[in-house]
Amino acid sequence: MASVFPSPDHDHTRCTAEAIAHAEARCAERGERLTPMRRRVLEVLAGSHKPLGAYEIIELIAGAGTRPAPITIYRALDFLRHNGLVHRIESRNAFLACVRDHAAEPAVAFLICERCGAVGEAPAAAVASSLAAAARSAGFTPKLSVIEITGTCAHCREG
């Protein structure tokens, strides 16, 4: 079984490069601009593999120079979310870079390691189908369904 979590010693530089390439392609397709601040926010998130809050992102960006205003970061995050380049981890009020194209996948489950904080994305079509059926049977029309599961990743369990 393939792990949805990167190895602890993997190359973050490659992850960041892939995230930026994916973002540039997505923005070009949609006629959007990946501004320097949007790019920087995505770079910070892609280099983490852990969900980061807006103020954590500010601190990491400020470490390299000028401290951006919170509204600047929130605007960048809104843009990145709207374009499918980051996810919001609801239970953590934090954000995570995404290099997958989820348009073809009906749902994903965010697997959140309680030990190391890493987040993996796993296909969750069967779960989404069951939740949609339960909502329909209750006469409910869902707007957003977020599946977050906490536990221990294989790397922490083995370590």
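Predicted model: local features only at pLDDT ≥ 70, side-chain atom pairs only at ≥ 80, totals over all residues.
**Exercise 1. Compare the radius of gyration of the protein with that of a compact globule.**

Solution. The radius is taken over C-alpha atoms, and the globule rule is 2.2 Å times the number of residues to the power 0.38. For 159 residues the rule gives a value near 15 Å; the protein has 17 Å, which agrees. Along the principal axes, the C-alpha atoms fill a box of roughly 50 × 40 × 25 Å.

**Exercise 2. Find what share of the residues is buried, and what share of the contacts joins residues 24 or more positions apart.**

Solution. Buried means under 20% relative accessible area, exposed over 50%, and partly exposed in between (1.4 Å probe, protein chains only). Of the 159 residues, 38% are buried. A contact means heavy atoms within 4.5 Å. Among contacts with a separation of 6 or more, 55% come from residues 24 or more positions apart.

**Exercise 3. Describe the salt bridge between Glu18 and Arg14, and say why the two residues are about one helical turn apart.**

Solution. A salt bridge is a side-chain nitrogen of Lys or Arg within 4 Å of a carboxyl oxygen of Asp or Glu. In this pair the closest N and O atoms are 2.9 Å apart. Glu18 and Arg14 are separated by about one helical turn because they are four residues apart in helix 1 (residues 12–30). Glu18 is partly exposed at 37% relative accessibility, and Arg14 is partly exposed at 47%.

**Exercise 4. Give the number of salt bridges in the structure, then describe Glu59–Arg67 and Arg88–Glu90.**

Solution. The structure holds five salt bridges. Side chains of opposite charge can pair when their charged atoms come close. Glu59 and Arg67 meet at 2.3 Å, N to O. Glu59 has 46% relative accessibility and counts as partly exposed; Arg67 is also partly exposed, at 46%. For Arg88 and Glu90 the closest N and O atoms lie 2.4 Å apart. Arg88 is partly exposed at 24%, as is Glu90 at 32%.

Technical notes:
Residues numbered from 1 in each chain as written. Heavy atoms only, no water.
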